[in-house]
Amino acid sequence: MQLSEQELVRREKLNSLRSMGINPYPAALYPVDYTSKRIKSEFEEGKKVIIAGRLMSRRIQGKASFAELQDADGRIQVYFNRDEICTGDDKTKYNDIYKKLLDIGDFIGVEGELFTTQVGEKTVMVKDFSILSKSLKPLPLPKTDKDGNTFDEFNDPELRYRQRYADLVVNPHVKDVFIKRTKLFNAMREFFNEREYFEVETPILQPIPGGASARPFITHHNSLDIPLYMRIANELYLKRLIVGGFDGVYEFSKNFRNEGMDRTHNPEFTAMEIYVAYKDYNWMMDFCEQLLEHCAIAVNGDTKATFGEHEIDFKAPYARVTMADSIKHFTGFDITGKSEDEIRSAAKEMNIAVDDTMGKGKLIDEIFGEKCEGKYIQPTFITDYPKEMSPLCKEHRDNPELTERFELMVCGKEIANAYSELNDPIDQRERFEEQLKLSEKGDDEAMFIDQDFVRALEYGMPPTSGMGIGMDRLIMYLTNNQSIQEVLFFPQMRPEKKQIELNDNEKAIFDILKKEKSIALSDLKNAAGLSNKGWDKGMKGLSKLGLTKVTKTDDNLIVEIA
């Protein structure tokens with residue numbers, strides 16, 4: 001592993017601390033009794049405090065220094081004075097350990113007394129400090145020049161997602177998103193628990209990937225010598241519990257779908273599913289809008305949330321539109337009573353990509369997704385889906401071609417999906433068999449037949465309504481984040497490319513090339529400001545790494561990034 005100059009210096013400091021008998025990674029408890037937030041809210045001149053955190057900045061002025069300590073709640077100013085820390089003749093702790101061997105990013109513990117500076121800053125006067133963890137890699141902290149201009153900000157999305165630990169340290173506002181995420185989960189739990197619905201856990205590894213139409217991840221159980229599937233949904237297990245006698249169950253589940261990745265999809269995501277006996281989808285619509293109004297207030301203190309250019313209002317009630325009416329409104333085509341071939345022809349006329357593997361339900365879904373879905377900005381229930389689109393949903397009580405289903409659309413995306421649940425075991429088996437035919441036609445998202453689930457229904461399941469909510473997408477809307485990666489601590493990423501470490505000469509040249517893209521060799525040499533030896537070594541090193549390309553023109557040699 002090639003280390004940068006700063007990393008080498010920090011390792012030398014680490015060794016110096018150890019040679020002085022100081023353990024840079026002590027095991028013992030550090031008796032923190034205050035946080036930065038509590039110090040500010042309960043400030044009292046002269047109060048003794050013990051606080052710990054990262055050293056984030058410091059201004060050393062001889063025998064005194066102001067610094068900032070960052071803990072989980074924020075930052076607090078601390079004041080180091082040599083004579084307060086080193087009361088005797090030995091000034092090593094300040095002169096050597098603090099001034100020379102500490103670095104920005106180190107975790108330290110501070111014992112001190114509170115005071116207010118002349119400019120009114122609440123500050124901790126350090127009486128003693130301890131090194132709790134030595135940082136060997138410099139934090140990617142932004143820098144500000146004398147004119148107040150900020151540069152070198154840590155804002156590259158790929159780096160931020162890969163190194164979320166660094167992102168959280170240097171971009172404190174990122175933490176607020178995840179605090180709101182937890183508030184959302186807590187608010188939902190509170191809403192369900194007050195109504196005495198029961199939180200449960202169901203299997204992640206399943207013998208049959210059921211409960212949704214999606215491509216699963218497949219693994220293998222060595223002892224049983226059988227294939228297993230990562231959960232794509234927990235629906236069928238939760239409904240088994242309704243069969244077993246629970247009146248209301250819910251679960252926050254990690255689901256896994258082996259599909260594409262984009263700004264609103266991650267292969268691993270969190271869904272909430274709830275099932276309540278003796279209810280239908282009309283009741284669930286009322287329940288859903290009350291739930292989301294409650295959650296919006298819990299997260300943001302208001303029913304309104306900003307998402308991009310839109311202001312969304314989660315205050316109930318929400319508009320309700322049937323799928324057939326929606327498609328007819330936006331395309332002029334009425335899907336009611338149409339055959340599969342008629343719908344396929346209509347989709348082609350609308351320039352929607354379809355193929356022969358798609359059944360009637362998939363075709364309708366494509367039309368709605370292409371032509372209608374994106375039109376719904378404010379929360380809107382799309383209701384009464386065609387039967388072919390909903391193999392787990394009860395037939396509509398007034399129209400046998402439809403099902404009692406709704407999806408909640410917000411800003412052109414689905415965030416909730418709910419049914420009057422199918423509890424007729426004979427009908428359910430027939431629906432599964434239709435899905436099997438689609439699978440045989442080549443639809444790799446069609447559902448498997450779950451024989452055990454059908455058996456459970458044969459014991460009898462009461463009338464039930466169920467709903468699933470995409471938690472990641474919902475928190476995107478509540479925190480004004482356009483990308484799902486922003487609301488996941490550790491989103492899935494492509495394999496990291498091996499990072500090329502450059503020495504100082506190479507870096508000086510390459511930094512100029514990144515800005516200029518293309519530059520005359522003589523101009524590049526002048527801009528780099530290196531000695532002849534340093535220039536030669538730098539250019540040879542970059543060429544050997546395959547990072548530069550030199551081309552000859554009539555007048556000059558031109559250097560570019562390869």
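User: What is the bridge partner of Thr322 in S17?

Analyst: Thr383 is the partner of Thr322 there. By the way, this is a predicted model, where local features need pLDDT of at least 70 and side-chain atom pairs count only at pLDDT 80 or more, while totals for chains, interfaces and linings use all residues. Residues are numbered from 1 along each chain as its sequence is written, and side-chain values use heavy atoms, with hydrogens and water left out.

User: How do you know that S16 and S17 pair?

Analyst: Two strands pair if DSSP finds at least two bridges between them. S16 and S17 have 4 bridges, so they pass, and they run in the parallel sense. Strands themselves are DSSP runs (E, at least two residues; helices are H or I, at least four), numbered from the N terminus.

User: And in which sense do S17 and S18 pair?

Analyst: Antiparallel, over 4 bridges, with S18 covering residues 405-410. Thr383 sits opposite Phe406 in S18, and Thr380 has Met409 as its bridge partner in that strand.

User: Which way do the residues of S17 point?

Analyst: Thr380 and Ile382 go one way, Phe381 and Thr383 the other, and all are buried.

User: What makes S16 an edge strand?

Analyst: S16 pairs on one side only, and so does S8 (198-199), the other edge strand. They belong to an open sheet of 8 strands in the order S8-S12-S13-S20-S19-S18-S17-S16, with mixed pairing.

User: What is the order of the open sheet of 3 strands?

Analyst: That one runs S9-S11-S10, and its pairing is antiparallel. Its edge strands are S9 (205-206) and S10 (218-221). S10 is joined to S11 (residues 226-230) by 4 bridges, and Thr219 stands opposite Leu228 in S11.

User: What does Leu141 touch?

Analyst: Leaving aside residues up to four places away in sequence, Leu141 touches Met56, Ile104, Asp152 and Val170. Contact here means heavy atoms within 4.5 Å.

User: Is Tyr165 buried or exposed?

Analyst: Set its 54% against the over 50% needed, and Tyr165 counts as exposed. Tyr165 is in helix H6 (residues 164-170).

User: Why are the buried residues of H10 said to line one face of the helix?

Analyst: Helix H10 (residues 323-331) has Met323, Ala324, Ser326 and Ile327 as its buried residues. Seen down the axis of H10, they fall within an arc of 160°, so they line one face. The arc is taken from the directions from the helix axis to the C-beta atoms.

User: What covers those buried residues of H10?

Analyst: The cover includes strand S16 (319-322), helix H12 (360-371) and strand S17 (380-383). After H10 comes Gly332, with a positive phi near 80°.

Conventions:
Buried < 20%, exposed > 50% of the residue type's maximum accessible area, 1.4 Å probe, protein only.
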